[in-house]
Amino acid sequence: MRNVYFNHDGSVDDLVSLLLLLQMPDVTLTGVGVVGADSYLEPALAASRKIIDRFGHGVQLNVAASNSRGVHPFPKEWRLDAFSLDALPILNEAGTINTPVASKPAHLDLIDKVQETAGKTTLVMTGPLTDLARALEVDPTITEKIDKLYWMGGTFDGRGNVAEPEQDGTTEWNAFWDPQAVKTVWDSDIAIQMVGLESTRQVPLTPAIRQHWALQRQHPAIDFIGQGYALVPALQHFETNSTYFLWDVLATVASDSPEVVTTKEVTSDVLTTGPGRGRTFEISDGRPVTLVTTVDHDAFFKRIDELAILAD
Ligand code: AGV
Ligand code: CA
């Protein structure tokens, strides 16, 4: 069994990632932290607790709320999705929430869970790196107990997904929310596997994928995934700033099923100032990172089905 601590930021693909982590037969989920970055914190926290109740096979977990704040806030329209997801009937049949909120804020909860857990812990992070950066500042010795960090964030091809003023379009949102946090984590010796935008562009949300899920509604977790992805825009006629990709789900599935992706070793750094702040880039004497380069599209979606069906 592998110990995994999951820190996410409450968007649809973050919450689907949580659902899938709860199904992985070889994963012991040791903790969950939620940051209200690409979400409002309260519904993201509640939805996380309800997903653990409904799809967690009785696991005893608690969920930590982050008090981290970003430098560049996410668009409000995107953050509102967490309210809709939290209100889905499939998460609200019980009418009560059993999974408790952890006593400490997410960055301190991360330290506690990593230090308390026998052996090493794998971190999966699908939002900004702020909680990990703050944890490293409080207790730098956690690196000895962290096996690897799987992160959805950044991009190396210069094509960002931030359409905001006063930046140059080269950065990915999770990195842009808190560029200095990326730098702090890059300066640590934690092994990193990164899913950036270059690979996630190969797995857009499409009408065909939605239809594939619609035909499997007899499986409650696939029904939930279909309902969740109904809240966000698919790639239909052309790509817009709001088009949804399976960003976080790719990072999460690749952490458990490495055969669905190919990777390459790069050395890199991150800008923390100027119009490109948050840009991750390759540089010869930079910090080593394992970058996911390509996805086996069909194998990836098949793996999602296989995991989701385990929740039946
Ligand atoms: O940049 C991708 C990250 C992922 O962690 N998030 C969404 C995923 O959870 C930010 C984001 C970029 N474009 C978006 C985003 C969009 N069109 N809608 C919502 N969030
Ligand atoms: Ca996310």
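User: How do the residues of the shell around ligand 1 divide into nonpolar, polar and charged?

Analyst: This is a predicted model, and in it 16 residues surround ligand 1. Sorted by residue type, the shell around ligand 1 divides into 5 nonpolar, 6 polar and 5 charged.

User: Which residues are the closest to ligand 1, and which elements give two or more residues to the shell?

Analyst: Among the 16 residues that surround ligand 1, the closest are S11, W78, W173, S242 and W247. The elements that give two or more residues to this shell are α1 (12-21), α7 (173-177) and α12 (247-256).

User: How many residues of α1 are buried?

Analyst: A residue counts as buried if 20 or more other C-beta atoms lie within 10 Å of its own. The residues of α1 that are buried in this sense are V12, D13, D14, L15, V16, S17, L18, L19, L20 and L21. The helix α1 is therefore largely enclosed by the rest of the structure, its buried residues numbering 10 of 10.

User: Which residues does L19 touch, leaving aside those up to four places away in sequence?

Analyst: L19 is one of the buried residues of α1, and L19 is also listed, with L132, W151 and L250, among the residues with the most contacts inside the largest nonpolar core, which has 91 residues. In soluble globular proteins, nonpolar side chains tend to be buried together. When residues up to four places away in sequence are not counted, L19 touches I51, F55, A221 and F224.

User: Is H57 buried or exposed?

Analyst: H57 lies in the loop between α2 (41-55) and β3 (63-65), and it has a positive phi of about 55° although it is not a glycine. Because 9 other C-beta atoms lie within 10 Å of its own, and 12 or fewer is the limit for this class, H57 is exposed.

User: What is the phi of E166, and where is this residue found?

Analyst: E166 is exposed, since it has 7 other C-beta atoms within 10 Å. Its phi is positive in a residue other than glycine, with a value near 60°. As for its place in the chain, E166 is found in the loop between β5 (146-152) and α7.

User: What separation do the C-alpha atoms of T206 and Q236 have?

Analyst: T206 is placed in the loop between α9 (197-200) and α10 (207-214), and with 14 C-beta neighbours inside 10 Å it counts as partly exposed. Not counting residues up to four places away in sequence, T206 touches A234 and L235. Although T206 and Q236 are 30 residues apart along the chain, their C-alpha atoms are separated by 6.6 Å.

User: What radius of gyration does the chain have, and what would a compact globule have?

Analyst: The C-alpha atoms of the chain fill a box of roughly 50 × 50 × 35 Å along the principal axes, and buried residues make up 50% of the 312 residues. A compact globule with 312 residues would have a radius of gyration near 20 Å, which agrees with the value for the chain, 18 Å.

User: What average pLDDT does the chain have?

Analyst: The predictor gives the complex an ipTM of 0.99 and a pTM of 0.99. Residue by residue, 100% score at least 70, and the chain averages a pLDDT of 98.

Methods: Residues are numbered from 1 along each chain as its sequence is written. Chains are lettered from A and ligands numbered from 1 in the order in which they are written. This is a predicted model: local features need pLDDT of at least 70, side-chain atom pairs count only at pLDDT 80 or more; totals for chains, interfaces and linings use all residues. A residue is near a molecule or strand if its C-beta atom, placed from the backbone, lies within 6 Å of it. Helices (H or I, at least four residues) and strands (E, at least two) are DSSP runs, numbered from the N terminus. Ala, Val, Leu, Ile, Met, Phe, Trp, Tyr, Cys and Pro count as nonpolar, Asp, Glu, Lys and Arg as charged, and the others, Gly among them, as polar. A nonpolar core is a set of buried Ala, Val, Leu, Ile, Met, Phe, Trp, Tyr and Cys residues joined through C-beta atoms within 7 Å. Two residues are in contact if their C-beta atoms, placed from the backbone, lie within 7 Å. The radius of gyration is taken over C-alpha atoms; the globule rule is 2.2 Å times the number of residues to the power 0.38. pLDDT is the predictor's confidence in each residue, from 0 to 100.
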